[in-house]
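Subject: Handover of a structure, with findings

Dear colleague,

Please find below the structure that I am handing over to you.

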Amino acid sequence: MGYQFDWGVIVREPYWHWLLNGFIKTLILGSISWGIALFLGLIIGTIRTLPLKLARAIGKTYVEFFRNIPLLVQLFFWYYVIPPMVGQWFNRMQNLPWIMAIFGLGVYTASRVAEHFRSGLNSVPKGQRHAGLSTGLTNFQLYRHVIIPYGFRLMIPPITTEFLTIFKNSALAMTIGVLELSGQSYKIGTWTFHSFESITAAVGGYLIIGFTVIVFMGWVEKKLKIPGLLGGE
Amino acid sequence: MKNYKPLLVLFLVGILSVSLATTAIGQKGVIEKVKETGVIKVGCREAARPFAYVNEKGDMVGFSQDMAFLLVEKLEERVGREIKVKQIPFAGASRVPVVAQGTIDIEMGSSTWTAPRDDVLDFSLPFFLSETVFMVRAGEGIDSLDDLDGKIVGSMRATTNLKSLQAVVDRGEINPRNVVVVETHARGFQALKTKKVDAYFTDTSLLTGLKAEAKNPEDYKIVLESIHKEPYGWMMRENDSELRDFVNNFLTWTLTTDCSEELDTLSELGILDECEDSSFTIFDAIYDKWMGPDTATSIPRTPVYNHLLQGIIIPDIGEVWPTKD
């Protein structure tokens with residue numbers, strides 16, 4: 001006969017705890033990287049719309065560099081190439097895979113977030129910009145009070161996608177030795193040879209995270225709606 | 001909020017159909033199938049030198065692949081028609097599902113025979129005995145397992161080597177500072193080179209291969225103190241007795257037949273030189289081609305291994321081999 005399914009491996013000890021541990025690690029990995037991505041992405045995306053040539057060039061370089069290299073290659077680069085250059089104390093640090101996975105995922109996603117920010121900010125009607133400047137706002141005030149609040153709301157749908165994607169991309173962290181949800185499910189596969197079951201459990205885990213993100217972002221979108229604008233009542 | 005119920009139902013139906021589909025396969029034996037279709041799907045590892053790997057020219061070669069070539073020759077005699085070999089590359093981590101699902105008919109690489117794997121698959125008799133040992137950078141004073149206290153050790157994800165390494169660490173037999181998990185053997189070797197790890201654990205044969213490919217092989221040392229012994233078998237789908245018998249008979253045949261009796265076939269594999277030694281069997285010749293003393297991946301045959309090989313020879317296969325039908 002073919003393959004015998006044994007769904008019990010998902011709930012048996014110690015495998016259940018491995019999965020739970022992986023699930024939590026995926027959550028932490030995705031969330032911290034998301035914090036980095038959002039923060040960096042906001043800065044980079046904003047400077048790409050500034051009327052300053054040098055700032056725009058820096059922003060563009062960053063985006064093109066990180067967006068055009070596969071994430072897997074970037075992770076290998078951060079984990080294998082950079083640490084020996086920094087020094088052996090760093091190269092041999094215990095939590096290095098963790099640190100590099102969070103960092104790598106964060107700076108990569110930042111480049112994508114920055115693009116969404118930029119297009120969001122650019123799609124704020126020119127008239128708003130001109131109106132702001134003609135009322136005597138400085139560039140900073142213009143961004144702070146007019147363009148960012150306006151543009152940010154336009155960006156919520158694409159940002160939701162990136163938020164989802166960062167959890168999905170976090171699976172690549174397993175290739176540098178971080179045992180997150182996928183890593184743990186593969187590990188269970190090696191230990192028990194029931195990888196169909198353990199990978200299905202991982203699928204379930206990702207679905208839970210994905211739905212939570214969608215519901216959360218839907219709530220955020222609703223909360224931030226300005227009546228009379230962008231489909232608000 | 002949208003209604004996600006249809007999605008959920010679709011998902012469950014998906015899982016169910018996968019389960020049904022995988023249990024439905026496997027009714028028909030591989031030999032019967034090959035007789036009908038004239039095609040056999042042989043699995044090949046991409047980087048398990050010297051057993052099965054992709055060489056500089058991009059061909060899938062190795063000890064087990066040579067054996068596969070001979071096996072198919074014999075299978076052609078058995079089914080009475082020409083057989084096309086489809087070499088299908090697969091990753092080590094997915095080897096059990098691809099065989100269990102029937103993506104490949106027989107896996108001929110370097111897979112350890114383990115009880116959990118045997119629950120879902122069948123193994124041929126063991127053709128090799130590997131030991132999990134470790135490689136270190138030469139001249140750093142690591143000569144035994146005891147010297148690993150406080151060092152960083154590493155192994156590859158989804159291997160039995162990592163499992164046994166973690167077991168000896170958990171039992172406190174060695175006390176390293178950290179266990180690093182890498183994605184491929186090449187990365188593991190790179191980690192050893194850049195001092196990310198101090199000792200890299202895997203099979204003797206694979207370490208010999210890694211060392212041979214290094215720029216300066218003398219910079220590395222393989223410490224032959226094993227944490228685990230592993231018999232290798234070729235993997236087939238569960239309960240295909242006809243195929244398994246055939247493969248085991250084939251193994252006996254290679255172990256008992258003189259090299260000189262099959263010169264035509266062996267010359268196709270480029271192993272005539274090895275046959276000059278008149279005492280060589282077919283098995284010896286192929287072993288020598290890939291793991292003999294003159295090769296880059298030389299693995300000396302230990303007494304234990306030789307006894308194992310002598311022990312698995314099935315007596316009197318003449319009557320059922322190779323023309324039984």
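**Conventions and confidence**

The structure is a predicted model, in which local features need pLDDT of at least 70, side-chain atom pairs count only at pLDDT 80 or more, and totals for chains, interfaces and linings use all residues. Residues are numbered from 1 along each chain as its sequence is written, while chains are lettered from A and ligands numbered from 1 in the order in which they are written.

The predictor assigns the complex an ipTM of 0.73 and a pTM of 0.67. For chain B the average pLDDT is 85, and 89% of the residues score at least 70; pLDDT is the predictor's confidence in each residue, from 0 to 100. Among the elements of chain B, the lowest mean pLDDT, 57, belongs to helix 1 (residues 5-24), and the highest, 95, to strand 9 (residues 152-156). Where pLDDT is low, the predicted coordinates should not be read in detail.

**Chain A**

Chain A has 10 helices and zero strands. Here helices (H or I, at least four residues) and strands (E, at least two) are DSSP runs, numbered from the N terminus. Of the 233 residues in chain A, 39% are buried. A residue is called buried if 20 or more other C-beta atoms lie within 10 Å of its own, exposed if 12 or fewer, and partly exposed in between, with C-beta atoms placed from the backbone. Among contacts in chain A between residues at least 6 apart in sequence, 76% link residues at least 24 apart; two residues are in contact if their C-beta atoms, placed from the backbone, lie within 7 Å.

How do helix 1 and helix 9 of chain A pack? Their axes are 7 Å apart, at an angle of about 160 degrees. Axes are lines fitted to C-alpha atoms, for helices over the stretch in contact, and angles run from 0 to 180 degrees between N-to-C directions. The two helices of chain A are therefore roughly antiparallel to each other, a term for angles over 145 degrees, whereas those under 35 count as roughly parallel, 65 to 115 as roughly perpendicular and the rest as oblique. Residues of helix 1 in this contact include Tyr15(A), Trp18(A) and Phe23(A), and those of helix 9 include Leu181(A), Lys187(A) and Ile188(A). By class, the contact has six nonpolar, seven polar and one charged residues. Ala, Val, Leu, Ile, Met, Phe, Trp, Tyr, Cys and Pro count as nonpolar, Asp, Glu, Lys and Arg as charged, and the others, Gly among them, as polar.

**Contact between the chains**

Between the chains, 21 residues of chain A are in contact with 30 residues of chain B. On the chain A side, two or more residues come from each of helix 3 (71-86), helix 4 (88-91), helix 9 (181-192) and helix 10 (195-224). Helix 9 of chain A gives the largest share, four residues. This side of chain A divides into nine nonpolar, 11 polar and one charged.

**Chain B**

Strand 12 (residues 220-237) of chain B is joined to strand 6 (residues 106-112) of chain B by four bridges, and the two run antiparallel. Two strands pair if DSSP finds at least two bridges between them.

Strand 8 of chain B has seven buried residues among its 10. Five bridges pair strand 8 with strand 11 (residues 199-203) of chain B in the antiparallel sense, with Met135(B) and Tyr200(B) as bridge partners.

Beyond its neighbours within four places in sequence, Leu129(B) is in contact with residues including Val304(B), Tyr305(B) and Leu308(B).

Elsewhere in chain B, an open sheet of three strands has the order 2-3-4, with antiparallel pairing. Strand 2 (47-48) and strand 4 (60-61) of chain B stand at the edges with a single partner strand each, so one side of each is left without a neighbour in the sheet.

Yours sincerely
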